[in-house]
Amino acid sequence: MQLAADLRGGNRRALAKAITLVESTRADDQAQAQRLLEQILPQTGRAIRVGVTGVPGAGKSTFIEAFGLYLIAQGKRVAVLAVDPSSARSGGSILGDKTRMARLAVAPEAFIRPSPSGGSLGGVARRTREAILVCEAAGYDVVLVETVGVGQSEVAVASMVDFFLVLMLPGAGDELQGIKKGILELADALAVNKWDGDNVARAERAAAEYRAALHLFRHVSPNWDPPVLTVSALESRGMDQVWATIQDHRRRLGASGELAERRREQQQQWFVSMLRDGLEERFRGRHDVRRLLPELEAEVVAAKITPTEAARRLLALLDDGGDGGERASAPRRARG
């Protein structure tokens, strides 16, 4: 496949085309995408995968631009993938992030790409994972995966990266109340942003409070204690400490074998997730399910039956055997 060869050669147009291909929901595009991924698989897995999330207003885009430019100055090629489960409805949030990273966007060593969900967080997870592989095959050294949405997107991103960074704001008390315990347990490091101007003392005080708070949580790794850093994305300060922390984390977990084990577990989780999504899609595509589902949904909403009973009746269709009649085929878009 010529696209695979162009991709391995570092062609940016080929990279954009490859990601568009893996994001497509067309059956023929998906088959071609899987053939592409099989061909490039030997060239994947070498990049450092970093997830970046943060409370609203923490300055994720400003940080990613400053950090990306720092990495480029260190001789690295950087890819940024923005995950936003709300993008199918809002359309503008992830693209707005790209315009806010104007300096990084024009750097030849950087590549920025939003990952639209199509209304499904599972879709985000699959497409972003495959986009990571494509970026690695194109020779990018660091892949930054940014969560733009809130909620389960953080958990999804944590399940596909080597290092998970959570950005925080000065004013620890309020932020600790608003952030989920599960996110702190997943974090490999916290970084208090806006460590500049009048915020210096507040940022350092917040960092001390976060360090104390982290002792209340049990981190997922027995070989790593998450540090709390202070950074100024606006002034590009502290980027060296973030990079040093990521490299230290990689050395420690690499030496213990935990990093390799984490990636193996992520592959297994990906497989199970895809199997679950595929089963649901095939089940919903059955004609008997499509006929009965609206009726049962209406009865559940009207409190005539319980959701449990409605689900039991729907799943009982599987006991009838067959495929419930001819499956509805996905609409095909005519090629120009």
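Among contacts in the protein between residues at least 6 apart in sequence, 76% join residues at least 24 apart. Contact here means heavy atoms within 4.5 Å. The model is predicted: local features need pLDDT of at least 70, side-chain atom pairs count only at pLDDT 80 or more, and totals for chains, interfaces and linings use all residues. Residues are numbered from 1 along each chain as its sequence is written, and side-chain values use heavy atoms, with hydrogens and water left out.

The protein has 16 helices and 7 strands. These elements are DSSP runs, numbered from the N terminus (helices: H or I, at least four residues; strands: E, at least two). Of the 336 residues, 48% count as buried. Buried means under 20% relative accessible area, exposed over 50%, and partly exposed in between (1.4 Å probe, protein chains only).

The largest nonpolar core holds 84 residues. A nonpolar core is a set of buried Ala, Val, Leu, Ile, Met, Phe, Trp, Tyr and Cys residues joined through side-chain atoms within 4.5 Å. Leu 15, Phe 63, Phe 67 and Val 134 touch the most other members. Residues up to four places away in sequence aside, Phe 67 touches Leu 144, Met 239, Val 242, Trp 243 and Ile 246. Another core, of 8 residues, lies apart from the largest one. Its members include Phe 283, Ala 310, Leu 314 and Leu 317.

Two helix pairs were examined. Two packed helices are described by the angle between their axes and the distance between the axes. Axes are lines fitted to C-alpha atoms, for helices over the stretch in contact, and angles run from 0 to 180 degrees between N-to-C directions. Angles under 35 degrees count as roughly parallel, over 145 as roughly antiparallel, 65 to 115 as roughly perpendicular and the rest as oblique.

The axes of helix α4 (residues 60-73) and α13 come within 10 Å and cross at roughly 75°. Helix α4 is therefore roughly perpendicular to α13. On the α4 side, Phe 63, Ala 66, Phe 67, Tyr 70 and Leu 71 take part. They meet Met 239, Asp 240, Val 242, Trp 243 and Ile 246 in α13. By class, this contact of α4 with α13 has 9 nonpolar, no polar and 1 charged residues. Ala, Val, Leu, Ile, Met, Phe, Trp, Tyr, Cys and Pro count as nonpolar, Asp, Glu, Lys and Arg as charged, and the others, Gly among them, as polar.

Helices α14 (residues 258-285) and α15 (residues 287-301) form the second pair, with axes that come within 5 Å and cross at roughly 80°. These helices, too, are roughly perpendicular to each other. Phe 283, Arg 284 and Gly 285 of α14 make the contact with His 287, Val 289, Arg 290 and Leu 293 of α15. By class, the contact of α14 with α15 has 3 nonpolar, 2 polar and 2 charged residues.

Side chains of opposite charge can pair when their charged atoms come close. The structure holds 17 salt bridges, each a side-chain nitrogen of Lys or Arg within 4 Å of a carboxyl oxygen of Asp or Glu. Asp 162 pairs with Arg 250, the closest N and O atoms being 3.4 Å apart. Asp 162 lies in the loop between α9 (152-158) and β5 (163-168) and Arg 250 in helix α13 (residues 239-256), so the pair ties together parts that are 88 residues apart in sequence. Asp 162 is buried, at 2% relative accessible area, whereas Arg 250 is partly exposed, at 25%.

Arg 26 forms a salt bridge with Asp 28, with 2.7 Å between the closest N and O atoms. Arg 26 is buried, at 12% relative accessibility; Asp 28 is partly exposed, at 24%. Within helix α14, Glu 258 and Arg 262 lie 4 residues apart, about one turn of the helix. Their side chains meet in a salt bridge (3.9 Å, N to O), and both residues are buried. Glu 299, Glu 309, Arg 312 and Arg 313 are linked in a network of salt bridges.

Several loop residues complete the description. Asp 141 sits in the loop between α8 (121-137) and β4 (142-147) and is partly exposed, at 31% relative accessibility. The C-alpha atoms of Asp 141 and Arg 77 are 5.3 Å apart, across 64 residues of chain. Neighbours within four places in sequence aside, Asp 141 is in contact with Ala 47, Ile 48, Gly 75, Lys 76 and Arg 77. Ala 303, in the loop between α15 and α16 (307-315), has a positive phi near 60° and is exposed, at 67% relative accessibility.
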